[in-house]
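The sequence and the structure come first, and notes grouped by topic follow.

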Amino acid sequence: MRPRNHAADDRREVTETNIQRDIAEAKALTGENARQNAVKKCPDNAFVIDKWTEYSIIEGDTIEARYVIEAEETIQCGG
């Protein structure tokens with residue numbers, strides 16, 4: 001499997017590199033990469049309710065991971 005790093009909100013130019021790995025190693029690498037990207041975007045004051053990783057296999061040889069963080073945060077209005 002080839003790990004595929006994808007961030008839907010990130011609109012930067014990227015370089016894709018294809019490396020053959022077994023499915024377990026590819027899932028571990030893409031899952032951790034997705035987790036790190038999601039944690040960077042989560043506000044510091046957020047209370048995490050739940051988190052999970054979703055995987056998609058594309059065209060039989062590419063894997064994509066999506067890490068979801070469900071969180072609550074207090075929003076204060078100035079006034």
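Helices (H or I, at least four residues) and strands (E, at least two) are DSSP runs, numbered from the N terminus. On that basis the elements of the protein chain run β-α-β-β from the N terminus on, with 1 helix and 3 strands. This is a predicted model, in which local features need pLDDT of at least 70, side-chain atom pairs count only at pLDDT 80 or more, and totals for chains, interfaces and linings use all residues. Residues are numbered from 1 along each chain as its sequence is written, and side-chain values use heavy atoms, with hydrogens and water left out.

**Confidence**

- pLDDT is the predictor's confidence in each residue, from 0 to 100; the protein chain averages 79, and 77% of the residues score at least 70.
- Strand β2 (residues 47-58) has the highest confidence, at a mean of 91, and strand β1 (residues 2-4) the lowest, at 53.
- Over residues 6-11 pLDDT stays under 50, and the model has 4 contacts beyond four places in sequence for them.
- Where pLDDT is low, the predicted coordinates should not be read in detail.

**Surface and contacts**

- Buried means under 20% relative accessible area, exposed over 50%, and partly exposed in between (1.4 Å probe, protein chains only).
- Of the 79 residues of the protein chain, 20% count as buried.
- The protein chain exposes about 6,400 Å², of which carbon and sulfur atoms supply 46%; accessible areas come from the Shrake-Rupley method with a 1.4 Å probe, and for residues only the protein chains shown count as cover.
- A contact means heavy atoms within 4.5 Å; among contacts between residues at least 6 apart in sequence, 54% join residues at least 24 apart.

**Helix α1**

- Threonine 30 has its place in helix α1 (residues 23-41) and is buried, at a relative accessible area of 2%.
- The side chain of threonine 30 reaches the backbone oxygen of lysine 27 at 3.4 Å.
- Glutamine 36, also found in helix α1, is partly exposed at 36% relative accessible area.
- From C-alpha to C-alpha, glutamine 36 and tyrosine 67 are 8.7 Å apart in space, while 31 residues separate them in sequence.

**Strands β2 and β3**

- Two strands pair if DSSP finds at least two bridges between them; β2 and strand β3 (residues 62-72) pair in the antiparallel sense over 11 bridges.
- Serine 56 has glutamate 64 in β3 as its bridge partner.
- The hairpin of β2 and β3 has 3 residues between the strands, and glutamate 59 takes a positive phi near 55 degrees there.

**Salt bridges**

- A salt bridge is a side-chain nitrogen of Lys or Arg within 4 Å of a carboxyl oxygen of Asp or Glu; the whole structure has 3 of them.
- Glutamate 25 and arginine 21 meet in a salt bridge at 3.3 Å, N to O; glutamate 25 is partly exposed at 39% relative accessibility, and arginine 21 is partly exposed at 24%.
- Arginine 35 forms a salt bridge with glutamate 32, with the closest N and O atoms 2.8 Å apart. These two residues, arginine 35 and glutamate 32, are 3 residues apart in helix α1, so about one helical turn separates them.
- Arginine 66 forms a salt bridge with glutamate 54, with the closest N and O atoms 2.9 Å apart. Arginine 66 lies in strand β3 and glutamate 54 in strand β2, so the pair ties together parts that are 12 residues apart in sequence.
- Glutamate 54 is partly exposed, at a relative accessible area of 34%.

Key. A polar contact is a pair of N or O atoms within 3.5 Å; within protein, one must be able to donate a hydrogen and the other to accept it, and residues adjacent in sequence count only if both atoms are side-chain atoms.
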